[in-house]
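Me: I have a structure open and would like to go through it slowly. Could you help me read it?

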Amino acid sequence: MRAQATEFLRALRRHRESGASGASGAGAPGGGTSAGASAPGRAAPPADDVDAVRALRRAARRISGTLHTFQPLLDASWAEEMRPELAWLSGTLALEHAYASRLERLLQALHRLSGSAAFPAPRPVGRAAATVPAGVPAPARPASPDRGSLTVGAAKAGALLDRQLTLARTRAHSTALQALGSSRFHAVADQVALLASEVPLRATGRPDRGPAPAASASGPGTAPFDLRPLAAAAEERLTDAVTALPLVAAGSPYNAQALVHGLSPDPAPHPQDAPWHQVRLLLRLHRYALEALAGADTGDTGDSGNTEAAVDVRLLAAGEALDRHRDASEAAAAAAQAARTPRIAPATAYALGVLHADQRHEVEAARYAFQHSWRKEPIRLP
């Protein structure tokens with residue numbers, strides 16, 4: 001936790017420096033925490049600012065996950081106050097990137113399905129947003145043979161998705177700027193600064209769960225806590241959630257039966273997706289617990305990079321599959337939402353329906369990849 005708190009503060013310093021260099025900190029409460037991208041005449045935030053915001057989100061997410069797993073060892077009131085604040089911060093900072101990635105995914109899928117190049121150029125995401133000039137079109141690809149109604153409606157479908165998701169991305173960007181300049185964010189940053197120097201442990205003595213503690217939860221001179229039982233509990237929760245998944249149905253790359261609900265006009269989220277999203281969150285918590293154990297074994301030097309080597313290769317592959325599952329399911333929902341736009345042409349609705357079905361097939365392919373990775377024997381990185 002101290003290592004992640006240090007990483008959070010480093011990212012905050014980089015964000016402030018990049019914001020000050022672009023906008024001279026004008027109008028930023030608390031000394032320039034407003035992002036430089038909000039300055040007039042700037043088409044995109046600088047690469048350093050984008051990377052700093054991503055690092056802030058990553059550190060906040062990891063601290064929140066560690067709090068969730070090891071909360072019994074920490075000061076109860078402090079942990080209960082910090083967890084929702086960190087979740088708010090990481091969730092707010094993630095929205096803009098999520099909308100941009102979703103738009104890029106959907107436009108690429110439309111191009112692949114129809115062979116038409118008449119789409120809005122996908123807006124660059126992340127570092128590319130600072131290096132690609134605005135208005136430069138995407139490289140043209142050879143068009144495939146005409147595909148009838150899909151090709152006719154694909155361009156209008158792409159334009160509709162571009163309008164809707166770009167508007168959502170712009171609003172998310174404004175929300176993130178407001179969050180980073182708010183007193184609420186500064187309160188979170190102050191708490192993380194205290195965490196970087198000392199972990200607030202419980203006032204009572206540690207539970208006697210074993211003869212030899214695995215590691216210390218805080219700095220020198222603090223009574224050590226055994227982190228292994230709580231890390232094992234996180235792994236058990238993950239295993240139970242995976243056991244409840246329909247892995248038999250995910251045993252084939254494309255499960256047509258699972259598409260029945262997805263192709264219906266019901267605007268509610270796909271009922272089969274929720275358990276998989278929950279497994280994704282539990283897998284992330286399990287990985288963070290393993291990193292906490294590895295960091296404690298190495299003395300918690302503050303270098304979070306050393307803990308990555310302790311992650312199981314199987315967990316990495318399974319996590320990537322679940323990330324693709326989440327992205328495809330949210331992209332399918334965005335296509336379905338666009339198809340419900342009033343007074344759109346039948347060819348546009350048809351193209352969006354094909355796009356929705358394609359993303360639901362991607363969901364099933366991701367489930368297949370997950371079960372294929374999960375059932376492999378664990379392999380550790382050297």
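Me: Let's start with a single residue, then. Is Arg54 buried, partly exposed or exposed?
Reply: Arg54 counts as partly exposed, because its relative accessibility is 31%, and please keep in mind throughout that this is a predicted model.

Me: Which side chain does Arg54 meet in a salt bridge?
Reply: The side chain of Arg54 meets that of Asp51, with a distance of 2.8 Å from N to O. Both residues lie in helix H3, which covers residues 47-70, and they are three residues apart, about one turn of the helix.

Me: And Asp51, buried or exposed?
Reply: Asp51 is buried, since its relative accessible area is 13% and the cut-off for buried is under 20%.

Me: What else lies in helix H3?
Reply: One of its residues is Thr66, which is buried with a relative accessible area of 10%. Leaving aside residues up to four places away in sequence, Thr66 touches Met1, Gln71 and Tyr288.

Me: Back to salt bridges. How many does the structure hold?
Reply: The structure holds 13 of them.

Me: Which one links distant parts of the chain?
Reply: One example is the salt bridge in which the side chains of Arg184 and Glu85 meet at 2.8 Å, N to O. That pair links distant parts of the chain, with Arg184 in helix H7 and Glu85 in helix H4 (residues 76-114), 99 residues apart.

Me: What ring does the charged end of Arg184 sit over?
Reply: The charged end of Arg184 sits over the ring of Trp88, at 4.1 Å from the ring centre. Arg184 itself counts as partly exposed, because its relative accessibility is 36%.

Me: Which salt bridges share partners?
Reply: Salt bridges that share partners join Asp273, Arg360, Glu364 and Arg367 into one network.

Me: Changing topic to the rings: how many aromatic pairs are there?
Reply: The count comes to three aromatic pairs. One of them is formed by Phe8 and Phe185, whose rings are tilted, with 6.5 Å from centre to centre and 40° between the planes. This pair also links distant parts of the chain, because Phe8 is in helix H1 (residues 2-23) and Phe185 is in helix H7 (residues 183-197), 177 residues apart. Both Phe8 and Phe185 are buried.

Me: Why is the pair of Phe370 and Trp374 called stacked?
Reply: The ring centres of Phe370 and Trp374 are 5.8 Å apart and their planes are at 20°, so the pair is stacked, the cut-off for that word being planes under 30 degrees apart. The two residues are four residues apart in helix H12 (residues 346-374), which separates them by about one helical turn.

Me: What else is at Trp374?
Reply: Trp276, Phe370 and Trp374 form one aromatic cluster.

Me: Let me zoom out. How many helices and strands does the protein have?
Reply: The protein has twelve helices and zero strands. Of its 382 residues, 46% count as buried, and the accessible surface comes to about 18400 Å², of which 56% belongs to carbon and sulfur atoms. Among contacts with a separation of 6 or more, 79% are between residues 24 or more positions apart.

Me: Last topic, the confidence. Where does pLDDT stay under 50?
Reply: It stays under 50 over residues 23-43, for which the model has 36 contacts beyond four places in sequence, and also over residues 205-223, for which the model has 33 such contacts. For the protein, the mean pLDDT is 77, and 66% of the residues reach 70 or more. Where pLDDT is low, the predicted coordinates should not be read in detail.

Technical notes
Residues are numbered from 1 along each chain as its sequence is written. This is a predicted model: local features need pLDDT of at least 70, side-chain atom pairs count only at pLDDT 80 or more; totals for chains, interfaces and linings use all residues. Side-chain values use heavy atoms; hydrogens and water are left out. Rings of Phe, Tyr and Trp (its six-membered ring) pair if their centres lie within 6.5 Å; planes under 30 degrees apart count as stacked, over 60 as edge-to-face and the rest as tilted. Buried means under 20% relative accessible area, exposed over 50%, partly exposed in between (1.4 Å probe, protein chains only). A charge sits over a ring if NZ of Lys or CZ of Arg is within 6 Å of the ring centre and within 35 degrees of the ring normal. Contact means heavy atoms within 4.5 Å. Accessible areas come from the Shrake-Rupley method with a 1.4 Å probe; for residues, only the protein chains shown count as cover. A salt bridge is a side-chain nitrogen of Lys or Arg within 4 Å of a carboxyl oxygen of Asp or Glu. pLDDT is the predictor's confidence in each residue, from 0 to 100.
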